[in-house]
Amino acid sequence: MFHQAKWDEPLLIERSAAGKKGHNPIRPSDIERKVVGHDPWNNVPRALLRNGLPPLPEVSEPEVVRHFTRLSQENFAVDLGIYPLGSCTMKYNPKVSEAIAQNPKLEKIHPEQDESTVQGILALLHRLDEFLAEITGMSRMSLQPVAGAAGEYLGALIMRAYHKSKGELEQRREMIIPDSAHGTNPASAAMAGFNVVVVPSNSEGTVDLEALRKVAGPKTAGLMITNPNTLGIFEKNVLQIAEAVHDAGGLLYYDGANFNAILGKVRPGDMGFDIVHLNLHKTFATPHGGGGPGAGPVGVRKDLEQFLPVPLVGFDGKKYFFDYEVPHSVGKVTAFHGNIGVLVRAYAYILSLGPDGLKAVAETAVLNTNYVLAKVLERTRFELPFSRRRKHEFVLSAKKINEQTGVRALDIGKRMLDWGLHSPTVYFPQIVEEAMMVEAPETESLRDLDELVEAFIRVGKEADSDPERLRSAPHNTSVGRIDEVKASHPKTLTLKWNNPSVRGKTL
Ligand SMILES: *Cc1c(COP(=O)(O)O)cnc(C)c1O
């Protein structure tokens, strides 16, 4: 039985004791001090010195190392076990990408360095742009956006700039988004000033083409869609969808956050999409969770390149340079050049796999997911709404189990934590009742997949025999059941350590 570590771990600031140091820097000798005239370690001009030191914890090196190691043991991680969190692609990230990204020659580059001194990283970024453009079927990429949502926002800004250039921005205010979409899509569209028009799914779980044709028209700015959609179903009418939106004068945005299903197999550009983003932190080897860092590069078709953020990385045949000559650029969308470490990992990942390896990722991810799906359907009461065919993920409904036992999808997910698995995504997409969204990526072994299947079988049995055990789960984790609403409510969430009204209380 899996047991997560439990420590009553104080904050570092609570361990702090005046004068403790992390290491023993070699202090300058008296002789040096005499030669320089003052302590060379304290040569910050007086006028620039702060009033007093910032209130940082004063702790020894072992205290810091043990603190963070203990915290890591109270947590679940993709390096510990299967993490079938649908729509998030939590796959194992190869350590070779990590090692390359942490090479000091890359890590210590400063973004303000002269171009002549950073030709290597510029060459890497230029080639990564070409690789990702090839993978997505786009003409050119911006590597600046630092998350999927940031990529979507940039995509929506590019749509604005495009319609403005045609003198149609005032008229085209509507962004069409399917009801199965990821929540960031409507949020990004709204942030860029568009009104969101929701298009329903049909009985197959794909976009209702007739409904789409009704809403697409002179007010349409564009459509944002992910394919395979969040149910894991490939939109087989994607060419007709593209045609309907293009005929109405709109642009097509491809949310490529989860590219695992189609990597090297099909390209959004060939499906008729005009703008695409990828989540390098999901598909291309960067660990994610906890809010970053990520990268959501955006690719566009040829005639939209004029709107991309500046600078792009150019090459004049001899040297690489930052290219600010983008005539109708929407401007910068991030400080400097994006999350370079994430871009380096993706570059290493692509090179290490090569074209055949990338294809194998997609094939194995789809195979793994469908293996788990087939076994779960065969051996449990979980139901699969909509048609059968799935790509990299599937969404089960725990509705029947809920009706029979009172146990909810949330309880099931929590119980899985007790067995050393991460929970699937629950209650998303919202078109499925008691939804449990499962993704079994290509990095999982047959043994891991079988363990996941067993967990589904076991929760089903336990829902009958001991529903209370499920409703009060998790029991073997460092933190038990939390109040989900309270935990994410801005009024109760206190991130400051020294608020006297909060210390000592459980958040
Ligand atoms: C994860 C995800 C996003 C958002 O990506 P972030 O990097 O978290 O902003 C958008 N769309 C889909 C389908 C996703 O799975």
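Start by selecting helix H15 (residues 409–418) together with helix H16 (residues 446–465): they pack at an angle of about 120 degrees, with their axes 10 Å apart. That angle makes H15 oblique to H16, since angles under 35 degrees count as roughly parallel, over 145 as roughly antiparallel, 65 to 115 as roughly perpendicular and the rest as oblique. Axes here are lines fitted to C-alpha atoms over the stretch in contact, and angles run from 0 to 180 degrees between N-to-C directions. Helices are DSSP runs (H or I, at least four residues), numbered from the N terminus.

A word on what you are viewing: this is a predicted model, where local features need pLDDT of at least 70 and side-chain atom pairs pLDDT 80 or more, while totals for chains, interfaces and linings use all residues. Residues are numbered from 1 along each chain, and side-chain values use heavy atoms, without hydrogens and water.

Now zoom in on the polar contacts (N or O atoms within 3.5 Å).

- His 281, through a polar side-chain atom at 2.7 Å
- Ala 149, through a backbone N or O atom at 2.8 Å
- Asn 258, through a polar side-chain atom at 3.1 Å

Finally, show the ligand's surface: the protein covers 87% of the 380 Å² of accessible area that the ligand has on its own (Shrake-Rupley method, 1.4 Å probe).

How values were computed:
Polar contact = N/O pair within 3.5 Å; in protein donor to acceptor, adjacent residues only side chain to side chain. Helix = DSSP H or I, 4+ residues; strand = E, 2+ residues; numbered from the N terminus.
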